[in-house]
Amino acid sequence: MSDVITAFAPASIANFGPGYGAFGLALDALGDRVSARVLPNEDVVRIVEIRADDGLLPVEAAKNTAGLAVMALREQLGKVAGVELLLCKGVPASSGLGSSAASAVAAVVAANAVLGRRLKKPELLAAACAGEVASAGVAHGDNAAASLLGGAVIYDAQGPLLLPVPTNLWLCVVWPGFAIPTVDSLAVLPDLLPRGDVVYNLANLARLVDAFHRGDAAAIGGALRDKLSEPYRLKLIPGGELLREAACSEGATGWSICGSGPAVVASASSHAAVCAASKAMCKVLENAGQRPQAWVLRPDSHGAHLLPPAEVIPFPDAL
């Protein structure tokens with residue numbers, strides 16, 4: 001067993017387009033890193049430090065998605081040695097980009113490795129989902145499945161279903177610069193929905209899955225239509241009504257809120273189109289008094305993975 005192992009887990013978009021609660025998409029380049037080491041004589045999961053979180057996240061393991069996920073992993077493995085964690089955040093918290101899932105996934109991948117690589121990657125999903133309880137109150141898996149396995153994933157009680165991702169699918173993600181806790185975003189959704197809206201989403205979800213299988217990036221964009229959550233959550237984003245129009249006027253073929261928001265995503269089949277859409281959306285948000293941050297990305301096809309020794313993040317007492 002190595003003394004310290006570091007894992008990376010990518011950001012992700014849940015509720016992608018019409019896929020409320022079921023469709024996740026992993027994003028490349030943006031993600032969280034977690035280092036883990038064994039505590040051989042302790043029956044505990046401990047978080048020693050969280051970096052780049054502006055002091056917003058709890059370090060108590062039972063209240064943190066990474067800590068809770070590793071606690072579930074230890075239960076799954078049969079109460080093995082204790083584990084110590086160091087978190088380095090790369091995904092803004094409560095942004096709609098799967099921040100909690102990235103921490104949970106990176107933590108279980110690193111902890112599993114430092115404990116002897118006992119489980120294969122798909123077997124880590126249950127523990128990663130358990131970590132989501134700390135932030136969302138439920139063990140939902142659309143973000144965690146995408147972050148762990150990579151690519152486009154449909155997730156429900158039957159488990160993850162991976163879809164092929166077109167090589168020409170480009171995305172621009174724009175975060176307004178503020179947080180919306182998942183519980184607050186859930187609170188604006190109605191308990192009952194019109195039947196026509198449900199049918200609308202089902203039809204677009206079928207089109208979305210078909211477009212992924214055909215490798216049609218333009219058709220993916222055309223299917224990113226949602227009436228189950230977008231009309232209600234868009235009101236939480238300043239300038240929100242203008243964002244889709246701004247992106248599509250610059251060549252984006254699709255637009256969606258990322259997860260529970262407030263980040264949004266536009267898609268296209270060209271790098272130039274998403275760059276132009278990104279600038280247009282940032283201008284809308286700036287005019288609304290926000291300080292947006294933007295990324296031009298591709299879907300991540302690898303999912304969570306261990307970093308090479310040269311990129312391992314040491315614990316403070318080892319510096």
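Predicted model: local features only at pLDDT ≥ 70, side-chain atom pairs only at ≥ 80, totals over all residues.

Trainee: Why are helix 10 and helix 11 called roughly antiparallel?

Mentor: Angles over 145 degrees count as roughly antiparallel. The angle between helix 10 and helix 11 is about 150°, and therefore the two are roughly antiparallel to each other. Their crossing is right-handed.

Trainee: Which residues make the contact between helix 10 and helix 11?

Mentor: Helix 10 contributes Leu 242, Leu 243, Ala 246 and Ala 247, while helix 11 contributes Ala 277, Ala 280, Met 281, Val 284 and Leu 285. By class, that contact of helix 10 with helix 11 has nine nonpolar residues, no polar ones and no charged ones.

Trainee: Which residues of helix 1 and helix 2 meet?

Mentor: Thr 65, Ala 66, Ala 69, Val 70 and Leu 73 of helix 1 meet Ser 100, Ser 103, Ala 104, Ala 107, Val 108, Ala 111 and Asn 112 of helix 2. By class, the contact of helix 1 with helix 2 has eight nonpolar and four polar residues, with no charged residues.

Trainee: Which residues of the largest nonpolar core touch the most other members?

Mentor: They are Leu 73, Leu 85, Val 105, Val 108, Val 109 and Leu 148, out of 44 residues in that core. Among the elements that each supply at least two residues of this core are strand 1 (5–13), strand 2 (23–39), helix 1 (65–77), helix 2 (99–114) and helix 5 (142–149). Helix 2 gives the largest share of this core, eleven residues. Apart from it lies another core, of 29 residues, among them Phe 16, Val 173, Leu 208 and Ala 263.

Trainee: What does Leu 148 contact, leaving aside its neighbours within four places in sequence?

Mentor: Leu 148 is then in contact with Val 105, Val 109, Lys 121, Leu 124, Leu 125, His 302, Gly 303 and Ala 304.

Trainee: Why is helix 5 described as largely enclosed by the rest of the structure?

Mentor: A residue is buried when its relative accessible area is under 20%. Eight of the eight residues of helix 5 are buried, so helix 5 is largely enclosed. The buried residues of helix 5 include Asp 142, Asn 143 and Ser 147. The buried residues of helix 5 pack against strand 1, strand 2, helix 2, helix 3, strand 5 (152–156) and strand 6 (159–163). Just after helix 5, Gly 150 takes a positive phi of about 80°.

Trainee: How do you know whether Gly 24 is buried or exposed?

Mentor: The relative accessible area of Gly 24 is 0%, and the cut-off for buried is under 20%; Gly 24 is therefore buried. Gly 24 lies in strand 2. Leaving out residues up to four places away in sequence, Gly 24 touches Ile 13, Ala 14, Asp 142, Ala 146, Gly 151, Ala 152 and Val 153. Ala 14 is ten residues from Gly 24 in sequence and 4.4 Å from Gly 24 in space, C-alpha to C-alpha.

Trainee: Why is Pro 194 called partly exposed?

Mentor: Exposed means over 50% and buried means under 20%, with partly exposed in between. Pro 194 has a relative accessible area of 43%, so Pro 194 is partly exposed. Pro 194 is placed in the loop between helix 6 (182–187) and helix 7 (195–214).

Trainee: What makes Ala 29 count as exposed?

Mentor: The cut-off for exposed is over 50%; Ala 29 has 69% relative accessibility and therefore counts as exposed. Ala 29 is found in strand 2. Phi of Ala 29 is near 75°, a positive value in a residue other than glycine. Most residues other than glycine have a negative phi.

Trainee: How do you know whether Arg 117 is buried or exposed?

Mentor: Its relative accessible area is 55%, to be set against the cut-off of over 50%; Arg 117 is therefore exposed. Arg 117 is in the loop between helix 2 and helix 3, and its phi is near 55°, again a positive value.

Notes:
Residues numbered from 1 in each chain as written. Heavy atoms only, no water. Axes fitted to C-alpha atoms, helices over the stretch in contact; angles between N-to-C directions. Helix = DSSP H or I, 4+ residues; strand = E, 2+ residues; numbered from the N terminus. Parallel < 35°, antiparallel > 145°, perpendicular 65-115°, else oblique. Left-handed = near helix turned anticlockwise from the far one by under 90°. Contact = heavy atoms within 4.5 Å. Nonpolar A, V, L, I, M, F, W, Y, C, P; charged D, E, K, R; others polar. Core = buried A, V, L, I, M, F, W, Y, C linked by side-chain atoms within 4.5 Å. Buried < 20%, exposed > 50% of the residue type's maximum accessible area, 1.4 Å probe, protein only.
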